[in-house]
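Thanks for sending this one over. Here are some notes to read alongside the coordinates.

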Amino acid sequence: MLLTLMTGSAAQATAIDAIAATSSAVTPASATMVLAQNVPDRTNEPVNVPNTAKVSLQMSPDRTVPVGSRISFRVTTRRPGYLLLVDIDADGKMSQIFPSAEMIVQSEEGAANFLRPGEELVIPNSAAQKKGFEYIITPPTGSAAVVAILSERRVQLLDLPDDAQKPRTETETISYLAGWTSGLRVPDAGTGKMQPSNWSFDIKPYSIR
């Protein structure tokens, strides 16, 4: 799986699961994390796999990656939206690796994961690297995948399902996530009411050895 690595002031490296770090992050009063939440009436009916925004995800290196390798991403889109990256390890466990809670807290911008059409977002960018953020490949070994999820509405954290499942095909993985996100609700910027969003997806499978 992929972990974010953040170097502390004492030059001691600590591996942090990006989504698990939410509970331990020190959040200033001015910071707001927008969480997409599951709602009781969501369904698991089959849905079409959407990518209306034409979001595109590239990994470097890709395909087969040894444990301990540093990895980076490049993402583009044809429509504006809020980007999230979800790693799915060889056991099927899902973890949000971008943006992490630490990234959101330390970002000088209110929408650290906002992606504009025609612009390429490099992850981690130079500012994040200066703060010690890196992506490191860790076990378990085997087939894994990273999924780029673009939300039309502002979202920074996903309430990911915690039931680990064995890896699916690329189409099955995206279909599963598309069905799952169809039940998510996001706070409306104007009214604060929970509303559905439009989602786009791209997936990059890779193998950890």
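Is R63 buried or exposed? R63 is exposed, since its relative accessible area is 66%.

1. **Confidence.** Please keep in mind that this is a predicted model. The protein has a mean pLDDT of 79, with 76% of the residues at 70 or more. Residues 7–32 have a pLDDT below 50, and in the model this stretch makes 42 contacts beyond near neighbours in sequence. Residues 39–47 also stay under 50 in pLDDT, and nine contacts beyond four places in sequence are found for them.

2. **Overall make-up.** The protein has 16 strands and three helices. Of its 209 residues, 44% are buried. Taking the contacts with a separation of 6 or more, 79% are between residues 24 or more positions apart.

3. Searching the whole structure turns up two aromatic pairs. One of them is F73 with Y135, an edge-to-face arrangement with 5.7 Å from centre to centre and 80° between the planes. This pair links distant parts of the chain, as F73 belongs to strand β6 (residues 72–76) and Y135 to strand β11 (residues 134–137), 62 residues apart. F73 counts as buried because its relative accessibility is 1%. Y135 is buried too, with a relative accessibility of 1%.

4. **The tilted pair.** Y82 and F114 have ring centres 5.0 Å apart and planes at 55°, so this pair is classed as tilted. Y82 sits in strand β7 (residues 81–88) and F114 in strand β9 (residues 114–115), so the pair ties together parts 32 residues apart in sequence. Y82 has 15% relative accessibility and therefore counts as buried.

5. R168 lies over the face of Y176, 4.2 Å from the centre of the ring. The second largest pocket has a volume of about 240 Å³. It is lined by 21 residues, and those closest to its centre are I88, A145, P167, R168 and T173. β12 (142–151), α3 (170–181) and β16 (199–208) are the elements that give two or more residues to the lining.

6. **Cis peptide bonds.** Most peptide bonds are trans, and most residues other than glycine have a negative phi. Against that background, the bond joining S60 and P61 is cis, with omega about -5°. P61 lies in the loop between β4 (56–60) and β5 (63–65). P139 and P140 are also joined by a cis peptide bond, with omega about 10°. P140 is in the loop between β11 and β12.

7. **Positive phi.** Which residues other than glycine have a positive phi? K54 has a phi near 55°, and R63 has one of about 65°. K54 is found in the loop between β3 (35–38) and β4, whereas R63 lies in strand β5. K54 counts as partly exposed because its relative accessibility is 46%, while R63 is exposed at 66%.

Technical notes. Residues are numbered from 1 along each chain as its sequence is written. This is a predicted model: local features need pLDDT of at least 70, side-chain atom pairs count only at pLDDT 80 or more; totals for chains, interfaces and linings use all residues. Side-chain values use heavy atoms; hydrogens and water are left out. pLDDT is the predictor's confidence in each residue, from 0 to 100. Contact means heavy atoms within 4.5 Å. Rings of Phe, Tyr and Trp (its six-membered ring) pair if their centres lie within 6.5 Å; planes under 30 degrees apart count as stacked, over 60 as edge-to-face and the rest as tilted. Helices (H or I, at least four residues) and strands (E, at least two) are DSSP runs, numbered from the N terminus. Buried means under 20% relative accessible area, exposed over 50%, partly exposed in between (1.4 Å probe, protein chains only). A charge sits over a ring if NZ of Lys or CZ of Arg is within 6 Å of the ring centre and within 35 degrees of the ring normal. On a 1 Å grid over the protein atoms alone, a cavity is a set of points where a 1.4 Å probe fits but cannot get out, and a pocket is an open set with protein on both sides within 12 Å along at least five of seven lines; lining residues have an atom within 4 Å of a point. Grid points are joined across faces, edges and corners, and a volume is the space filled by probe spheres set on the points.
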